[in-house]
Amino acid sequence: MVIRYVMSPHRVIKTEREQKLKEAEERARSRPRVFKEPKKCPPLGMESHRMEPDQLSASSMSQYIFAPQRARLNMQGSDDEDDMRGGAWCANSEDKSHWFEIDARRATEFTGVITQGRDSLNESDYVTSYFLAFSNDSREWTTIHDGYADWLFFGNSDKDTPVMNQLAVPVVARYVRILPQSWNGSLCMRLEVLGCPVPDPVDVQYRHNEVTPVDYLEFKHHGYSEMVALMKSVHEECPNITSVYSLGRSSKGLDIMAMVISGNPTEHEIGEPELRFTAGLHGNEAAGRELLLLLMQYLCKEYQDRNPRVQRLVEGIRIHLAPSLNPDGHVEAFEVGSELSGWTTGHFTDQGVDIFQNFPDLNRFLWDAEDKGLVPKLTPNHHVPIPDDFETNSSIAVETKAIISWMKSHPFVLGANFQGGERVVAYPYDRFSKPAVSHKPHSRKKRQYEDEGFDVTEWGRGYHEEPEEDWRSRGYAEPEEEQRGHGYDQNPGYEDNRGYDRGYEQNRGYDQGYEQNRGYDQGYEQNRGYDQGYEQNRGYDQGYEQNRGYDQGYEQNRGYDQGYDGHNQGYGHREEEEDDRGRSGGYQYADPEDETRAIPDESLFRWLAVSYASTHLTMTHNFHGSCHGDVAGGPHGIVNRAKWKPITGSMNDFSYLHTNCLELSVFLGCDKFPHQVELAYEWEKNREALLIFMEQVHRGIRGIVKDQQGNAIANATVSVEGINHDVTTAPTGDYWRLLNPGEYRVTARAEGFSPVTKLCVVGYQSGATACSFNLAKSNWDRIKQIMALHGSRPIRLSYGNNRAQSPAVANGNRRVLHGNNNNNFSQSSSVSAERQRRLRIARLRRLRQLRLLRLRATTTMLPPTTTTITTIPTTPETTTSWYDSWPVEEGQSSTPGGFTDSILDYNYEYKIDDY
C-alpha cells in the first residue's frame with residue numbers, strides 16, 4: 001500500500017512566502033553599503049501628537065485598545081484589567097496581509113522610519129522586518145526597490161529599543177505604508193516617520209505666521225559641557241544680576257549646576273521671595289532643560305534692554321534655575337540623541353534611582369498623626385522631620401541628598417519642576433491615601449487660644465465676648481474653606497444635622513465659639529446638639545430643618561418659632577447644593593472610593609496649576625485626549641497627581657511637608673526629547689506661562705516677625721486660620737505665605753514670645769499684602785514653674801468680669817453643681833438620666849427667657865409721618881411656657897426640675913459648668 005501526503009494550499013503559500021522572505025533577507029544582508037550621507041529631517045510628529053489620529057490607519061487591529069492611534073513611538077500601555085491600554089498597534093492575526101498607513105496631508109520628503117515593539121510587562125511583541133511603500137493618492141503604491149527586488153528593512157530585536165532605518169535617497173510622496181513581513185510574538189509595533197515637508201508656493205502667505213527664532217536665543221540641544229559653557233557665558237554677559245553655583249556632585253562626579261538671577265544675586269535680601277525652576281530630574285526629558293537655558297538668556301538680554309516686566313521680576317524675586325539635576329542621565333540620553341532616546345534612556349541616575357520619587361516619605365508620618373488627632377497641637381503640620389537614618393540610607397541617591405541640602409539652605413517660596421511624556425500640570429499630594437473616616441481637621445482656633453493661656457474647655461460657654469468673629473456674619477466667605485466639604489467638620493453623618501442657625505456657619509451649633517460641632521452644652525458629646533437624648537447629631541433647633549420641633553422628643557413638627565422654619569430650610573438647601581457642587585472642585589468628578597486625601601492648600605495649588613496651564617499655548621487643548629490615555633485633566637490641563645499616577649516619596653510632597661516651598665510638576669509634552677527644530681515652538685508655547693508663574697510668588701501675604709526691640713525672630717511660626725499648614729520665618733525674620741484673595745486671621749508664634757493674631761486682607765491686585773508682627777516676651781517660663789509646684793497638673797483659669805467660679809450652692813432660686821474641667825454632662829457621668837433631663841429643660845427655658853428679654857429691650861419704629869417720628873416701646877405679650885401644660889405630679893413643682901426663678905431676678909451671666 002502506498003500512502004501519499006498532500007500538502008494543503010495554505011501551507012504551500014506559507015512555505016513560498018517564507019522562502020521569498022528568506023531570500024529577501026539574504027539580499028538585504030549582502031547589499032553593498034551606501035556611504036552617502038542621508039538627508040536629515042525631523043520627525044513628522046507621531047510621538048509628539050502633531051500627527052492627528054485621523055492621519056493614521058491600518059489594515060486591521062486585534063482589539064480596539066490596539067487601534068492605529070496607539071502606534072506612536074514610546075506609547076505607554078497598561079495590562080491592568082481595570083485600565084487596559086494598548087502599548088502599540090496590533091494587527092488581526094487572521095488577516096493575510098498587513099499594513100500601517102500614515103497620511104502626511106501634503107507632499108513630503110520621507111527620509112526614514114523608526115520602529116519599536118509593544119510596551120507590555122508580560123508580552124514581547126515586535127516587528128523584525130518590513131517593506132516600505134509610498135503613494136500620492138493612497139490607491140497606487142510603489143514599494144522601495146533595489147533594482148532586483150523589494151528592499152527589505154530590518155526592524156527590532158527587542159520590544160523597547162527604537163531602531164531607525166534611513167533612506168539613502170529621500171522619497172517624495174504624501175502617503176507612506178509600513179508592510180510588516182516578520183515579527184516576534186504578535187504583530188505589534190510603534191513607530192515614528194522622518195520627513196521634510198515640501199515647500200508649497202501657495203502657502204507662502206501662511207508661513208508669515210510661523211514662529212521665527214529670536215536672534216539672541218540659541219535653539220539647540222546642549223550636552224553637559226555645552227550647558228555649563230552657556231551658563232558661564234550668560235553670567236559673563238550679565239554679571240551684575242547672575243551668579244553660577246553648584247548644588248553638589250552626581251554619582252559620577254559631575255557638578256549639578258544652577259544659576260541665580262536677581263538684583264543682588266549673591267545674597268538673600270530681606271523681603272525678597274526666592275523661587276526655583278528645576279529640570280532634568282530624568283536625563284532624557286530634554287525639553288525642560290532647554291527651556292531653562294533659554295529663560296536664562298531671555299532674562300539677561302531683556303533686562304539689559306530695560307524690559308519693564310523683566311526688570312520687575314529680576315529685582316523683586318531671587319530666581320534659581322537648575323536645568324540638569326541628573327547630569328549623568330543627561331549625558332547618557334544626549335549621546336543617544338532625540339530620535340533614538342527611549343522612554344527610560346537616561347531616566348535614572350547612574351545608580352538606577354529615579355530622583356523625583358527618591359525623597360523621604362513624610363506623608364505617612366504626618367497622616368498617621370492626623371488620624372490619631374495629634375495635629376497640629378502635638379505634631380506640627382509643617383517642617384516634618386526627616387527620619388534619623390536618612391544620611392546612612394543607601395537607597396537615597398547622592399543627587400537627592402544634594403537637592404535636599406539646597407532646599408534647606410534657601411527660603412524658597414514657590415517652585416516648579418519640568419518633566420516630559422505628558423502635557424499637563426500636576427499638583428500634590430502625589431501620594432494616594434484615602435481620608436480616614438474619623439479624620440476631622442483640628443481647629444486652629446482652639447490651638448491658638450490654648451497657647452495664649454485660655455481654658456478652651458470654658459471658652460465659648462456662657463461667655464458673651466467671643467475671641468473670634470464669624471466670617472460669614474461680615475459677608476465674607478471663610479478663606480480656604482473650599483466649599484468642598486472640608487469645613488470645620490468632616491463627619492459624614494452630619495450633613496443634614498446642623499445646629500441652631502445654619503446661616504452663621506456650616507456644621508456649627510448655636511454659638512460658633514463652641515467649636516467643631518458642639519452645641520450649647522459641649523459636654524454631652526462631640527457632634528451632638530442640645531438634645532442628644534432624643535436624636536443623635538442634631539443641633540439646638542431641629543425645627544429649622546426637615547419639620548422637626550424644638551424638642552422632638554415632646555412634640556413633633558413644632559419649632560421654637562415655626563415662623564423661622566422655612567427661612568432656615570432655605571439656608572440648609574442652599575448649603576447642600578453648595579457642598580455637592582464643591583466636592584467636584586470644578587474640574588473633575590471622582591467616585592467616593594477614588595477620593596484621596598486633599599492637601600490643605602489645594603485651592604491655591606489648583607490656582608498655581610491653572611495659572612501655568614491656561615497661559616500655555618496648547619496645554620488646555622486636550623480635545624484629543626492625553627498622550628497615553630491615562631489622564632483626567634479636564635479642560636483646564638491640570639490634575640492631582642495622587643488621582644493620576646500616585647507615587648511615594650515625591651519631590652513635591654517633600655518640599656511641601658519639610659520646607660515652606662509650594663512646588664508642582666509641569667509636564668511639557670508627549671515627546672520627552674523633541675527634535676531641536678521644535679525648540680523654538682516649545683519656547684513660544686511656554687514663555688508667557690513661565691513669566692506668569694513667576695509672578696505668582698507675590699500672591700498672598702508677606703512680612704517680618706520681630707521682637708519689641710526690633711530684632712528679627714528666626715524660625716517663628718506663621719499660621720493662617722482654616723489652613724492646616726504653617727510656614728516659618730527665614731533667618732532674617734521675613735516670611736511669605738501664598739494665599740488666594742480673601743480675609744485671613746494670621747497668627748505669629750515664637751519660642752518665649754506671646755502669640756499675636758492679625759486680620760490680613762489679600763486683594764486681587766498684584767503684589768503681596770504686608771502683614772508684619774511684633775512679639776512680646778511671654779511669662780511662659782514662670783507659668784511652667786508654677787505648674788511644676790502643682791505637680792504639672794492643669795491650672796483652671798477663668799476670664800471675664802464677675803465670672804469667678806464659686807463652690808456648689810443650693811438655694812431656692814438657683815442650684816449650682818461645681819465640677820472639674822471635664823464635667824461636661826456626658827453619658828458616662830454619674831448624674832442620673834432624670835437629672836440630665838431637668839438640666840436640659842432648664843437651659844431651654846433660660847434661652848426662652850433671654851429671647852423675651854431681648855424683645856422687651858427692642859423698640860418698634862412706626863412709619864414716619866410728615867415731620868415727626870413716633871417711637872413706641874414694645875409691650876411684651878403674655879406667654880405661656882410650652883411646658884406649663886404638663887401634668888404636675890405629687891412632690892413636683894409646676895416647673896420642670898423644680899426651678900422657680902423668675903425672669904426679673906435671674907442672673908443672665910451664667911456658665912453651664914456651674915450646673
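Which residue of β16 does Val424 stand opposite? The close-up views below, taken from a predicted model, take up this question and others.

**View 1. Strand β16 and its pairing with strand β14.** Val424 stands opposite Phe667 in β16, and this pair belongs to a region where strand β14, made up of residues 422–427, and β16 pair in the antiparallel sense over 5 bridges. Strand β16 itself spans residues 662–669, and because 8 of its 8 residues are buried, it is largely enclosed by the rest of the structure.

**View 2. Strand β16 and its pairing with strand β13.** Strand β13, which covers residues 412–419, is joined to β16 by 6 bridges, and the two strands run parallel. Within this view, Phe418 stands opposite Val666 in β16.

View 3. Helix α4 extends over residues 308–316, and its buried residues are Arg309, Val310, Gln311, Leu313 and Val314. The elements that cover these buried residues include β10 (255–261), α3 (286–304), β12 (318–322) and α13 (679–695).

**View 4. Thr747 in strand β21.** Thr747 is found in strand β21, which comprises residues 742–749. Its relative accessibility is 1%, and because buried means under 20%, Thr747 counts as buried. The side chain of Thr747 is joined to that of Thr757 by a polar contact of 2.8 Å.

Key. Residues are numbered from 1 along each chain as its sequence is written. This is a predicted model: local features need pLDDT of at least 70, side-chain atom pairs count only at pLDDT 80 or more; totals for chains, interfaces and linings use all residues. Side-chain values use heavy atoms; hydrogens and water are left out. Buried means under 20% relative accessible area, exposed over 50%, partly exposed in between (1.4 Å probe, protein chains only). Helices (H or I, at least four residues) and strands (E, at least two) are DSSP runs, numbered from the N terminus. Two strands pair if DSSP finds at least two bridges between them. A polar contact is a pair of N or O atoms within 3.5 Å; within protein, one must be able to donate a hydrogen and the other to accept it, and residues adjacent in sequence count only if both atoms are side-chain atoms. Contact means heavy atoms within 4.5 Å.
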